[in-house]
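Here are my notes on the model you sent.

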Amino acid sequence: MSDYNRQQKKAILMVCKHLRGVTASQLGWLKKRIRSYLLFRADVARFQKEHFSDICSQRCFTSQTSACCGREGIITFFADVVINALLSTNEEIDKLLQTLEYDTGGMNCVYLNETGCLWRLKPIVCEMFICEQAKKTVLADHDFLIRQWEGLRQQERLYTWPTQPVLFDEFENFFIEAGCDSPLMYLHRSPGLLRLKAKHGLG
């Protein structure tokens, strides 16, 4: 098993184990905290489906040349793992773990199969990535669509960019306080994000 797969598997197992032991009140808080995030993700999904689904399917997915789903090129935040676990069935989690365990290699992301991404809610980095060719094809000379997309990108920062208290940092804190640790806790490990937090008094 590659280091990437091992880190992913460890994070998933850690999150699921801890979630099984939290109180009903704590679980309710976690689920309440993701409500607005899920609404945001639904808005992004609608925008992607309406404007990019056809071109991305034709040029990348069906031809298996996707630049956005390259092997071990997908950054998953710890909060991505937490949110996906909160939304997933045991069977869906087991499928992710099996995929990581019995990975046969290849050029594509380990989580990508013939029907698409295996995550119930894919990592935010994946959702917000649009290659330059797709942007040129869809957004060029369409000011309204450009403004829509930029608005969604600004909303993303409300959950992931620690210039203020944000969901992804809160979820890392929640698990750190319980004694958990993971290389995927970028808001507590990334030098760049740590500098950003310190600059805004969040360190």
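The points below take these topics in turn.

1. Basis. This is a predicted model, in which local features need pLDDT of at least 70 and side-chain atom pairs count only at pLDDT 80 or more, while totals for chains, interfaces and linings use all residues. Residues are numbered from 1 along each chain as its sequence is written, and side-chain values use heavy atoms, with hydrogens and water left out.

2. Salt bridges. The count comes to 8 salt bridges, a salt bridge being a side-chain nitrogen of Lys or Arg within 4 Å of a carboxyl oxygen of Asp or Glu. One of them joins Lys9 and Glu101, with an N to O distance of 2.3 Å. Lys9 belongs to helix H1 (residues 3-21) and Glu101 to helix H6 (residues 90-101), so this pair ties together parts that are 92 residues apart in sequence. Helices (H or I, at least four residues) and strands (E, at least two) are DSSP runs, numbered from the N terminus. Lys9 is partly exposed at 23% relative accessibility, and Glu101 is partly exposed at 36%. The accessibility classes are buried (under 20% relative accessible area), exposed (over 50%) and partly exposed (in between), with a 1.4 Å probe and protein chains only.

3. A buried pair. Glu127 and Arg41 form a salt bridge in which the closest N and O atoms are 3.3 Å apart. This pair links distant parts of the chain, with Glu127 in helix H7 (residues 124-128) and Arg41 in helix H3 (residues 35-51), 86 residues apart. Glu127 counts as buried at 10% relative accessibility, and Arg41 is buried at 2%.

4. A salt bridge joins the side chains of Asp181 and Arg189 at 2.8 Å, N to O. Asp181 is partly exposed at 44% relative accessibility, and Arg189 is partly exposed at 39%. Ser182 sits in the loop between helix H10 (167-176) and helix H11 (186-189). At 3% relative accessibility, Ser182 counts as buried. Not counting residues up to four places away in sequence, Ser182 touches Ala11, Phe78 and Arg189; contact means heavy atoms within 4.5 Å.

5. H2 against H10. Helix H2 (residues 24-33) packs with H10 at an angle of about 160 degrees, their axes being 11 Å apart. Axes are lines fitted to C-alpha atoms, for helices over the stretch in contact, and angles run from 0 to 180 degrees between N-to-C directions. H2 and H10 are therefore roughly antiparallel; angles under 35 degrees count as roughly parallel, over 145 as roughly antiparallel, 65 to 115 as roughly perpendicular and the rest as oblique. H2 contributes Gln26, Trp29, Leu30 and Arg33 to the contact, and H10 contributes Leu167, Glu170, Phe171 and Phe174. These residues divide into 5 nonpolar, 1 polar and 2 charged. In this scheme Ala, Val, Leu, Ile, Met, Phe, Trp, Tyr, Cys and Pro count as nonpolar, Asp, Glu, Lys and Arg as charged, and the others, Gly among them, as polar.

6. Leu118. Leu118 lies in the loop between strand E2 (116-117) and H7, and is buried at 19% relative accessible area. Which residues does Leu118 contact, leaving aside its neighbours within four places in sequence? They are Lys95, Leu96, Thr99, Tyr111 and Asn113.
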